[in-house]
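I want to see how they pair up and where the partners sit.

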Amino acid sequence: MECQIGLLPVVLSALAALAGCLNLFQSDCYTANGADYRGAQNQTSPQGGKPCLFWNETFQHPYNTLKYPNGEGGLGEHNYCRNPDGDVSPWCYIAEHEDGVYWKYCEVPTCRMPGNLGCYRDHGDPPPLTGSSETSNKLTIQSCISFCRSRRYKMAGMESGYACFCGNDPEYWKYGEAVSTECNSVCFGDHTQPCGGDGRVILFNTLIGACGGNYSLDGAVIYSPDFPDTYGPGRVCYWTIQVPGASGIRFNFTLFDIKDSVDMVELLDGYTNQVLARFDSRNRPLRPFNISSDFVILYFFSDRTNQAQGFAVIYQAFKELHPPETAGPYSSSPNQTLIEVITERTNLSGSAARSSKILYVITTSPSQPPRNMPGWTVYALTALLILTVIAILAKILLHVSLKWNGVTGSRTIGDCHRSSAGDIWTIFYKPSTSISIFKKKLKNQHDDRNPLVGE
């Protein structure tokens with residue numbers, strides 16, 4: 001009996017890990033507030049919730065398909081829960097008004113970003129997390145996570161919009177779990193993020209938003225630095241993904257929001273540091289893809305302008321000899337790997353793709369992204385080079401011409417004017433006038449005649 005009791009925590013831990021793994025690939029949301037939710041729940045709660053109104057029938061309200069006809073925020077001719085205004089969670093309009101309320105938050109169990117451990121009750125004696133704590137009127141999810149991570153805690157909890165708790169307590173759930181809508185108090189520092197509620201604490205893993213890390217599990221989600229806040233300026237981050245025994249790793253960017261072409265995400269071969277794929281605002285990852293290696297480095301760079309939400313990428317290692325095919329823009333022929341298709345999509349040199357692992361050699365330091373030279377600079381440099389060549393040729397021709405004319409002129413003058421043997425004749429060239437001829441005196445001569453010739 002004691003043995004069974006002793007094994008119970010181990011079994012519960014294994015079940016929790018399994019549930020976390022399943023949630024990793026079955027989650028419908030990878031943002032903290034569910035702005036990316038595109039599921040099909042059409043009532044405020046899976047059990048006994050109120051039915052949602054169709055978005056194309058809510059013209060009396062601010063959000064409808066007449067005002068947003070192009071699917072902004074996931075709106076359309078349906079009545080699914082959505083978050084078009086960046087609220088703390090998905091919601092919908094309802095027909096039954098209660099105290100003037102014509103909308104409600106949706107309790108969507110599948111809309112929980114990986115790393116969000118859930119909403120839990122807090123009786124305060126002791127709290128679910130018993131480590132360091134602080135309060136702030138500028139609290140965000142990431143500011144609390146960063147505070148706890150800097151103190152080497154594995155979990156961070158937010159409560160009532162302004163309180164942050166840290167801890168490694170394995171029994172954080174001891175007071176019971178609450179529905180997610182009870183943790184929808186807005187963060188004081190960001191009104192689009194949920195920061196718990198009164199007597200309710202929302203918990204997160206402190207790995208979220210870290211700038212770099214080492215991963216060896218078969219699968220995980222990696223977020224951009226400072227997530228779910230916007231990534232900061234001047235970020236240079238590396239994550240190593242090494243799964244021994246894997247024949248390849250599949251990557252799926254479930255969220256990709258990068259503003260300019262300088263900020264970028266790269267995947268590098270872990271053994272050679274050669275770039276396998278590069279993505280930015282102009283070249284986005286449209287479909288999942290496979291890399292035939294068990295060691296990949298994920299690299300992120302941001303400049304000091306145009307920060308954005310960032311990215312969330314799921315990786316999953318596999319041990320199949322033939323990785324699953326991917327349909328869509330990255331689909332390939334039987335003799336062509338997915339990575340080679342990415343090479344073509346990004347206009348890389350085909351001759352450089354000598355294997356399915358290595359596409360092209362890095363020509364710049366990963367910390368310094370490549371910068372394209374503007375077209376006018378190329379034309380200006382070309383014109384300058386042409387003018388330089390013309391100037392050099394003109395100088396050479398002028399020198400040859402002067403030398404030839406000097407020899408001819410000396411002979412002619414010698415024939416016409418017979419002077420003494422001690423006189424030396426020199427020709428000076430003046431570009432704006434004709435050629436002037438001067439006669440220099442030898443140092444041993446003592447006459448004081450004017451040296452100007454042609455008296």
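I started with Cys148 and Cys166, which form a disulfide (a pair of cysteine sulfur atoms within 2.5 Å) with an S to S distance of 2.0 Å. This is a predicted model, where local features need pLDDT of at least 70, side-chain atom pairs count only at pLDDT 80 or more, and totals for chains, interfaces and linings use all residues. Residues are numbered from 1 along each chain as its sequence is written, and side-chain values use heavy atoms, with hydrogens and water left out.

I checked the S-S torsion of Cys148 and Cys166: it is about -80°, so this disulfide is left-handed. Cys148 sits in helix 2 (residues 141–150) and Cys166 in strand 6 (residues 163–167), so the bond ties together parts 18 residues apart in sequence. Helices (H or I, at least four residues) and strands (E, at least two) are DSSP runs, numbered from the N terminus. Both Cys148 and Cys166 are buried, meaning under 20% relative accessible area, with exposed being over 50% and partly exposed in between (1.4 Å probe, protein chains only).

How many disulfides does the rule give? I get 8.

Next I looked up Cys29 and Cys111, joined at 1.8 Å S to S. Their torsion is about -100°, so I noted left-handed. The two are 82 residues apart, Cys29 in the loop between helix 1 (2–26) and strand 1 (91–98), Cys111 in the loop between strand 2 (101–105) and strand 3 (116–121). Cys29 is buried at 0% relative accessibility, and Cys111 is buried at 17%.
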